[in-house]
Amino acid sequence: MKKRTFAVDIDGTITENGGGRIHLDALEALRRLTDMGHNVIFVTGRSSVEGFLLSVFGGTTKIAVGENGGCITLNSDEHILLGNIEECKNALQIIQNHVDNVHEKHVFPRMTEVVLERTFDLDLARKILSENNIDVELSDSQYAYHINSPGINKGTGFTKIMAKLSLTSDDIIAIGDSATDIPLFKIAKTSVALGNASEQVKSAATMVVSANAGDGVLEALDKLAPILSEI
C-alpha cells in the first residue's frame, strides 16, 4: 500500500448542520485510514489547537494546520506561527473605521489571525483595504470572515507540513467545501469538493461528490478506495 496524506477541512466537511457537531461516521472512517497507515491531518479555519485536540480525541495524525494556514500545532506546547496577528488587527481597525457592522467573532483564541462575523460586505472591505495600501488576506470560510497575513492560506500552511514529512503533491488528497480550501486543492494531486461546496470550489477540485459534509466524505473515501489500494 502506498501511504497517502489526507488534508481534511473541518467545518462544512466533517461537521453536521453547520453547528460544529462532528459527523461521527466520517470521523470513524478517517480514523480507520490512520490505523491503515495513512496520515489524516486537519487543515482548518478554526484554531490549530482545536484541530489538534480533534486529532487527539478522534485518533488521527497529531498535527493540525489552523487559522487558514497561519498556525501549525505539533504538540500541546509546540506551535509554528506563519502569520502576524498585529498586521491583521491593524487591517481590522481600518475596516471598522470605514464599514458598518463589523464585529469580531467569539472564537477560540487566535495566534496569527482575526476572525469576524459574516455581517458586512466583504468586497467593500477589500476595496477599503486596497485604497489604504493594506496588504492582507481577507477570506470567507462560510463559518466566518478571516483576516490573515499576506501570502497565508491553507496551501502555504500545509506546504510546511509537506516539507517536514518529506511529502510530494502526489502523496496528498485534500477534502473540503469552501473557497479557503482552493489553495489546498492546488498543492494536492487529488482534491475532493463536497456537494455543499460552491461551483467555484467544485471547479477547482479533481473530484466532486454529490453528498454534503460528512456524508460526502464517506462518498469520497468510497470512490478513492482503488487509489488507496495502489502499491
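A disulfide is a pair of cysteine sulfur atoms within 2.5 Å. The structure shown here is a predicted model, and a search of the whole of it finds zero disulfides. The sulfur of cysteine 71 has its closest cysteine sulfur in cysteine 88, at 12 Å, which is too far for a bond. Cysteine 88, for its part, is in no disulfide, and its nearest cysteine sulfur is that of cysteine 71. Cysteine 71 has a relative accessible area of 0% and is therefore buried. Cysteine 88 also counts as buried, because its relative accessibility is 0%.

Valine 65 is found in strand S5, which covers residues 64–66. With a relative accessibility of 0%, valine 65 counts as buried. Glutamate 50 is 15 residues from valine 65 in sequence, and the C-alpha atoms of the two are 9.8 Å apart in space.

Most residues other than glycine have a negative phi. Asparagine 68, which is not glycine, has a positive phi near 55°. Glutamine 142 is another residue other than glycine with a positive phi, in this case near 75°. Glutamine 142 lies in the loop between strand S9 (137–140) and strand S10 (145–148). Is glutamine 142 buried or partly exposed? Its relative accessibility is 49%, so glutamine 142 counts as partly exposed.

The next stop is threonine 5, in strand S1, which covers residues 5–8. Threonine 5 has a relative accessible area of 1% and is therefore buried. Which residues does threonine 5 touch, not counting those up to four places away in sequence? They are Asn39, Ile41, Phe158, Leu167, Asp171, Ile172 and Ile173. Isoleucine 187 is 182 residues from threonine 5 along the chain, and the C-alpha atoms of the two are separated by 12 Å.

Histidine 23 sits in the loop between strand S3 (21–22) and helix H1 (24–35). Its relative accessible area is 9%, so histidine 23 is buried. Not counting residues up to four places away in sequence, histidine 23 touches Ile14, Thr15 and Glu16, together with Gly214, Asp215 and Leu218. The C-alpha atoms of histidine 23 and isoleucine 10 are separated by 10.0 Å, and the two residues are 13 apart along the chain.

Helix H1 packs with helix H8 (residues 213–228) at an angle of about 25°, and the axes of the two are 8 Å apart. Because angles under 35 degrees count as roughly parallel, H1 is roughly parallel to H8. The crossing in which H1 passes H8 is left-handed. On the H1 side, Asp25, Ala26, Ala29, Leu30 and Leu33 take part, and they meet Gly214, Val217, Leu218, Leu221 and Leu228 in H8. By class, this contact has eight nonpolar residues, one polar and one charged. Two of the H8 residues named here, Gly214 and Leu218, are also touched by histidine 23.

A second pair of helices is H3 (residues 85–98) and H4 (residues 122–131), which pack at an angle of about 115° with their axes 10 Å apart. Angles of 65 to 115 degrees count as roughly perpendicular, and H3 and H4 are therefore roughly perpendicular to each other. H3 passes H4 in a right-handed crossing. Ala91, Ile94, Ile95 and His98 make the contact from H3, and Ala125, Ile128 and Leu129 make it from H4. By class, the contact of H3 with H4 has six nonpolar residues, one polar and no charged ones.

Notes
Residues numbered from 1 in each chain as written. Predicted model: local features only at pLDDT ≥ 70, side-chain atom pairs only at ≥ 80, totals over all residues. Heavy atoms only, no water. Axes fitted to C-alpha atoms, helices over the stretch in contact; angles between N-to-C directions. Helix = DSSP H or I, 4+ residues; strand = E, 2+ residues; numbered from the N terminus. Parallel < 35°, antiparallel > 145°, perpendicular 65-115°, else oblique. Left-handed = near helix turned anticlockwise from the far one by under 90°. Contact = heavy atoms within 4.5 Å. Nonpolar A, V, L, I, M, F, W, Y, C, P; charged D, E, K, R; others polar. Buried < 20%, exposed > 50% of the residue type's maximum accessible area, 1.4 Å probe, protein only.
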